[in-house]
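Please keep the sequence and the structure in view as you go.

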Amino acid sequence: MGPEVKAIQTDAKPSASADVVVIGGGIVGVSTAYTLAQRGVSVILCEKGHIAGEQSSRNWGWVRRNGRDPRELPLMMESFRAWNDFASKKLDTGFTVCGVVSIAKTDADRARHEQFVEDARAFQIGSRVITSNEIREILPGYAGDGRSALYNPTDARAEPQRAAPAVALAARDLGAEIVQHCAVRGVELQGGRICGVVTELGYIRTSQVVVAGGAWSRLFCGNLGVDLPQMKVLSSVCRTAPLSGLPETSAYFGGVAYRKRDDGGYNIAPSVGLNVPIVPDMLRLARMYLPAFMAERKSVKPRLDSRFLTELLTPRSWDLDMPTVFEKTRVLDPKPNIALTRSKVADLQKLFPAAGPIHILQHWGGLIDVMPDAVPVIDTVAKIPGLTISTGYSGHGFGIGPGAGVLTADLATGKTPCVDPSPFRLSRFTDGTPMRLIGGF
């Protein structure tokens, strides 16, 4: 079972019309709805399961600028402002400044960190490369062999099981409709433009649709004739009982990472050995993803399991007058790789021997929606006026989600974008743009 997400009371069914319909109740979807409602735009958010049921509640819980792909930094700055705004409004997101540190084990790691500091200098975010002695000051009890690290003392954390529900409630207070257990079957067009969406609870007239469906976005867009080159990676996470022997600062050690929780426990997750389910789309998109697989071959491993048959038998197109796979599978709840998470907890105990036994209370898995260059797609679709896609956050989506919601709302309503959206355009995969895959955190 997945983590326990804060349950919220929402609308029973959608109204007959809205300026914008948002599909997907993760952190990006609810942040988009919140921004639109703030601006007085009528918006209905439809979620087939429950708010934050999938990856938005299953991630590490980091809110970091440290180590970001430089293309994401302007948007991450916008997101940090949004997280602070949520905190000032007393939204129950768990947002806490704790610092984030990434340990360098090799000269190549240090060089990558130094390059990031140079790339980020204009943003004045405070990241810097620190020495081994400074690592031990920041991480009391650390017994590893890190020679340097990338450190940002003002980066933060938040609580994934509470954040998206809190933003959804705030959006609803501003006038947005939030409808759970309401699968959107598809979009209807008139004269080549969007005129409405068909949901299991009725028809909604609208001229603007935002697809923020996470791991479901490729399938949904495919039924509209939009080829979104998205795949999925299985991430496994565990949470511990309250623990006093690990530092407050969130840390990444190359193979394992942790983040303190508000309840005194920790989220611990492997960052290597992640599973890529072998599915038909892996074969369809193999050429596009080959550079990414080669670059991350030490971190990801293909895995053949039941998902191959599940996705092989899932229709890639469908009529809108019958139930769909979105109603059949309300929440993606993949089995975690428990052996992997346990091994990484053991590794962490070796790094902090004075911490004592680490008691694991729960394991869960989540399917991360990834793109070939590990940068999201946030873009309007020219051939379908009124369609905006916001997906493919590649494991970086929780922290950047509130800012992504602002940019998505800008694009959906024709407002001047809060940041340059060109790095996130869908056409970069087909217009001959050289693929840029930045090294890992």
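This is a predicted model: local features need pLDDT of at least 70, side-chain atom pairs count only at pLDDT 80 or more; totals for chains, interfaces and linings use all residues.

Residues are numbered from 1 along each chain as its sequence is written, and side-chain values use heavy atoms, leaving out hydrogens and water.

**Annotated domain**
- An unreviewed UniProt entry carries the annotation "domain: FAD dependent oxidoreductase" for residues 19-411; such annotations may be inferred rather than shown by experiment.
- Across residues 19-411 the chain is 33% helix and 26% strand, where helices (H or I, at least four residues) and strands (E, at least two) are DSSP runs numbered from the N terminus.
- The end C-alpha atoms of that stretch lie 13 Å apart.

**Helices α1 and α6**
- The axes of α1 (residues 27-38) and α6 (residues 160-173), which are lines fitted to C-alpha atoms over the stretch in contact, come within 8 Å and cross at roughly 25°.
- That crossing makes α1 roughly parallel to α6 (angles under 35 degrees, on a scale from 0 to 180 degrees between N-to-C directions).
- On the α1 side, the contact (heavy atoms within 4.5 Å) is made by I27, V30, S31, A33, Y34 and A37.
- On the α6 side, A164, V167, A168, A170 and A171 take part.

**Sheet β3-β8-β4**
- Three strands form an open antiparallel sheet in the order β3-β8-β4, with pairing requiring at least two DSSP bridges between two strands.
- β3 (62-63) and β4 (96-97) each have a single partner strand, so one side of each has no neighbour in the sheet.
- Two bridges join β3 to β8 (residues 156-157), and W62 has R157 as its bridge partner in β8.

Conventions: Angles under 35 degrees count as roughly parallel, over 145 as roughly antiparallel, 65 to 115 as roughly perpendicular and the rest as oblique.
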